[in-house]
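Subject: Handing over a structure

Hi,

Here is the structure I promised to pass on to you. Please open it next to this email, and I will walk you through what turned up.

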Amino acid sequence: MYNRFIEKMIHFSPEKAVTSYGIFWRKLLSPILRKVAPLTAKRKIVVLHKEELPEQPVIFASTHGFKDDAVAAIGIADRQVYVLNGSVRQMTYTADGISMWAIGTIMVDRNNKDSRTSSKDKMVRALQLGTSVLIYPEGTWNKSPNDLMNKLFPGVYDVAKTTGALVVPIASVIVGDTIYAKRSKPFNIAKYDRKEGINILRD
């Protein structure tokens with residue numbers, strides 16, 4: 001299996017990777033996809049709490065400790081989102097890539113500096129075109145039992161400062177055969193300096 005249509009999403013140009021047409025039809029499909037997504041999780045998802053969201057697009061910043069926290073975050077967002085995804089091989093060679101393409105994905109090759117830079121520009125474009133984005137500031141699964149979280153990457157701060165979008169923290173955890181998820185209160189990360197803003201988000 002090779003998902004050739006994913007190549008467009010890897011393009012460095014924000015205008016080619018994120019289009020108003022793509023956002024339009026993904027918003028139409030989003031309510032259906034958000035209902036179906038939790039059914040693909042291996043565990044039951046329980047939403048503990050959801051703070052109110054503003055009308056304007058936001059940056060959802062989710063923890064990333066296991067595979068199904070992506071499903072939990074997409075569901076608890078309660079709106080269409082473009083997900084920042086660094087798993088290029090998964091997107092191009094698996095069925096999961098097709099579903100992520102349908103939901104809305106911004107691709108980033110973590111080993112390519114130009115790709116990392118363009119991914120921030122793509123998120124800015126998505127927000128400016130009227131849709132929210134979902135990012136995992138940890139960058140990858142935290143597989144160490146010695147840390148509650150990985151060190152956060154600062155891209156979430158840079159995109160928020162450029163667009164003025166509020167950041168909405170999302171956290172999820174596995175207890176037994178259940179995933180518990182929570183959507184916290186939106187906050188203006190850009191009113192702090194970069195280091196302090198990232199520390200507040202981490203906390």
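How much of the protein chain counts as buried? Of its 203 residues, 46% do. Please keep in mind that this is a predicted model. The chain is built from nine helices and seven strands. Its accessible surface comes to about 11,000 Å², and carbon and sulfur atoms hold 55% of that. Among contacts with a separation of 6 or more, 70% are between residues 24 or more positions apart.

Let's start with the inside. In soluble globular proteins, nonpolar side chains tend to be buried together. Here the largest nonpolar core has 26 residues, and the ones with the most contacts inside it are Ile59, Ile106, Val133, Val167, Ile189 and Leu201.

Which residues does valine 167 touch, leaving aside its neighbours within four places in sequence? It is in contact with Ile59, Ala61, Val156, Ala160, Lys185, Pro186, Phe187, Ile189 and Leu201. Apart from this core lies another, of 20 residues, with Ile74, Ala77, Met100 and Val168 among them.

Met100 also leads us to helix H6, which covers residues 95–103 and has Gly97, Met100, Ala102 and Ile103 as its buried residues. After H6 comes glycine 104, with a positive phi near 125 degrees.

There is a positive phi at aspartate 78 too, near 65 degrees, and this residue is not a glycine. For background, most residues other than glycine have a negative phi. You will find aspartate 78 in the loop between helix H4 (69–77) and S3. Is aspartate 78 buried or partly exposed? Its relative accessible area is 34%, so it counts as partly exposed, since buried means under 20% and exposed over 50%.

Finally, the outside. Leu29, Ile32, Val36 and Leu39 make a nonpolar surface patch of about 390 Å². Isoleucine 32 belongs to helix H3, residues 20–36. With a relative accessible area of 52%, isoleucine 32 is exposed. As for the spacing, an α-helix has 3.6 residues a turn, so residues three or four places apart point the same way.

Enjoy looking around!

Best wishes

Note on methods: Residues are numbered from 1 along each chain as its sequence is written. This is a predicted model: local features need pLDDT of at least 70, side-chain atom pairs count only at pLDDT 80 or more; totals for chains, interfaces and linings use all residues. Side-chain values use heavy atoms; hydrogens and water are left out. Patches are made of residues with over 30% relative accessible area and no salt bridge: like charges are joined within 9 Å, nonpolar side chains (Val, Leu, Ile, Met, Phe, Trp, Tyr) within 5 Å. Accessible areas come from the Shrake-Rupley method with a 1.4 Å probe; for residues, only the protein chains shown count as cover. A salt bridge is a side-chain nitrogen of Lys or Arg within 4 Å of a carboxyl oxygen of Asp or Glu. Helices (H or I, at least four residues) and strands (E, at least two) are DSSP runs, numbered from the N terminus. Buried means under 20% relative accessible area, exposed over 50%, partly exposed in between (1.4 Å probe, protein chains only). Contact means heavy atoms within 4.5 Å. A nonpolar core is a set of buried Ala, Val, Leu, Ile, Met, Phe, Trp, Tyr and Cys residues joined through side-chain atoms within 4.5 Å.
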